[in-house]
Amino acid sequence: MAAAGLLLIGPTIVALPSAFADEAKSTEAQAPAATGPAIDVAAAAAQQVDWQEKVSSIGVAEAEQGVNISGSEAGIVTDVEFDSGQTVKAGQPLVQLDTSKEEANLKTALAQIPAAKVDLDRKKKLVVTGAVGQSDVDQAQARYDSLVAQSASLKATIERRLLVAPFGGVLGIRRVNKGQYLQPGDAVVSLQDLSIMRMRFLIGQKDYAKIQIGQTIEARFDSYPDQVFKGKISAIEPSVKYTSGIIPIQAEIPNSDQKLLPGMYGSIDILLPTQSKKVVVPQSAVSFNLYGESIYVVDETTMTVKQVTVVTGARRGNLVVVEQGVNAGDKVVVAGQLRLSNGSKVNLVEGETLPEMTTVPLQ
């Protein structure tokens with residue numbers, strides 16, 4: 001008769017029937033190692049590239065010059081000399097206000113000036129002989145000066161009633177019509193000089209030592225996803241906002257083709273003079289969990305994968321820098337990680353990889 005097994009419960013030893021003991025030993029002996037069919041995955045090789053160091057930010061575009069044109073005089077619009085969206089030159093007439101009253105007053109003042117001048121000259125001669133007093137000369141001089149000043153004031157008022165473009169640029173949508181009564185300050189039309197766009201953006205104070213006037217920037221806009229606009233830093237705010245630790249920066253981008261408009265938001269990269277060799281992988285190769293970031297590396301000899309913990313760095317496009325954990329040339333899994341575990345057998349599937357890694361621009 002087979003011996004019974006023993007079970008220790010606290011200080012008491014309990015005898016088990018021999019059938020239960022033999023069954024437990026049999027189960028332990030038959031537990032197989034973790035095996036299974038190979039899992040289809042897509043993989044790509046980690047690459048070592050020349051990595052251009054950058055400081056990134058988000059900026060908004062502004063015109064080199066931009067104003068909302070308005071008048072400083074009240075009056076009725078007698079003529080509108082522009083169309084919406086028109087390109088104008090500096091000094092080009094835009095809106096004419098009624099000047100009939102001012103022109104009539106100017107004619108009156110100009111007509112009186114010659115007579116006032118003759119009277120002044122005559123009294124200057126008579127005061128020498130004593131025929132008139134000095135007070136009469138002073139009054140004649142005051143009348144003459146007053147008429148001259150009055151005519152100059154009327155001329156200035158007439159000039160202000162003609163609104164002109166203060167600089168060359170592109171007009172917006174007009175907001176005034178002929179016959180309309182225009183109050184001082186009423187908006188007539190916007191004028192934007194689009195030849196150069198100024199990008200205003202912010203950087204953290206930790207990056208201040210990396211930038212300087214004249215440094216090259218690259219700007220990308222949603223309207224032109226495949227185009228890079230290059231410019232240069234033109235101004236750096238000489239103080240840090242103490243509440244946030246940021247520094248305002250201004251850069252200028254040539255815009256002769258007028259593709260960019262004021263108010264557009266764009267991503268900004270300040271190109272730093274330093275370059276270095278970095279190991280990069282597609283961003284899809286990196287998995288995230290509570291313990292950090294990891295990558296599955298394929299051992300092509302045994303066709304198994306090893307899960308390694310990595311330290312990642314900067315990201316750009318579809319690429320991410322791996323500071324630690326992966327070497328150049330390592331085959332990393334970029335699709336199919338969800339079904340993997342450490343030591344899983346894999347089958348590399350051609351043609352199912354994610355888009356090829358993009359070339360990293362050097363400048």
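Of the 363 residues of the protein, 34% count as buried. The model is predicted. The protein has three helices and 21 strands. Its accessible surface comes to about 21,500 Å², and carbon and sulfur atoms account for 53% of that area.

**Contacts along the chain**

- Take the contacts between residues at least 6 apart in sequence: 73% of these join residues at least 24 apart.
- Isoleucine 203 gives a local example of contacts. Leaving aside residues up to four places away in sequence, isoleucine 203 touches Val55, Tyr208, Ile211, Gly245, Ile246, Ile247, Ile249 and Ile270.

**Nonpolar cores**

- In soluble globular proteins, nonpolar side chains tend to be buried together.
- The largest nonpolar core in this model has 24 residues. Phe201, Ile203 and Ile270 have the most contacts inside this core.
- Six strands each supply at least two residues of this core: E4 (47-70), E11 (187-204), E12 (216-221), E13 (224-236), E14 (246-254) and E15 (265-282).
- Strand E11 gives the largest share of this core, with five residues.

**Aromatic rings**

- The structure holds two aromatic pairs.
- Tyrosine 224 and phenylalanine 229 have ring centres 5.7 Å apart. Their planes lie at 65°, so this pair is edge-to-face as well; the cut-off for that label is over 60 degrees.
- Ring pairs link Phe221, Tyr224 and Phe229 into a cluster.
- Tyrosine 224, at 23%, counts as partly exposed.

**A charge over a ring**

- Where does the charged end of arginine 316 sit? It sits over the ring of tryptophan 51, 4.0 Å from the centre of that ring.

Technical notes:
Residues are numbered from 1 along each chain as its sequence is written. This is a predicted model: local features need pLDDT of at least 70, side-chain atom pairs count only at pLDDT 80 or more; totals for chains, interfaces and linings use all residues. Side-chain values use heavy atoms; hydrogens and water are left out. Helices (H or I, at least four residues) and strands (E, at least two) are DSSP runs, numbered from the N terminus. Buried means under 20% relative accessible area, exposed over 50%, partly exposed in between (1.4 Å probe, protein chains only). Contact means heavy atoms within 4.5 Å. Accessible areas come from the Shrake-Rupley method with a 1.4 Å probe; for residues, only the protein chains shown count as cover. Rings of Phe, Tyr and Trp (its six-membered ring) pair if their centres lie within 6.5 Å; planes under 30 degrees apart count as stacked, over 60 as edge-to-face and the rest as tilted. A charge sits over a ring if NZ of Lys or CZ of Arg is within 6 Å of the ring centre and within 35 degrees of the ring normal. A nonpolar core is a set of buried Ala, Val, Leu, Ile, Met, Phe, Trp, Tyr and Cys residues joined through side-chain atoms within 4.5 Å.
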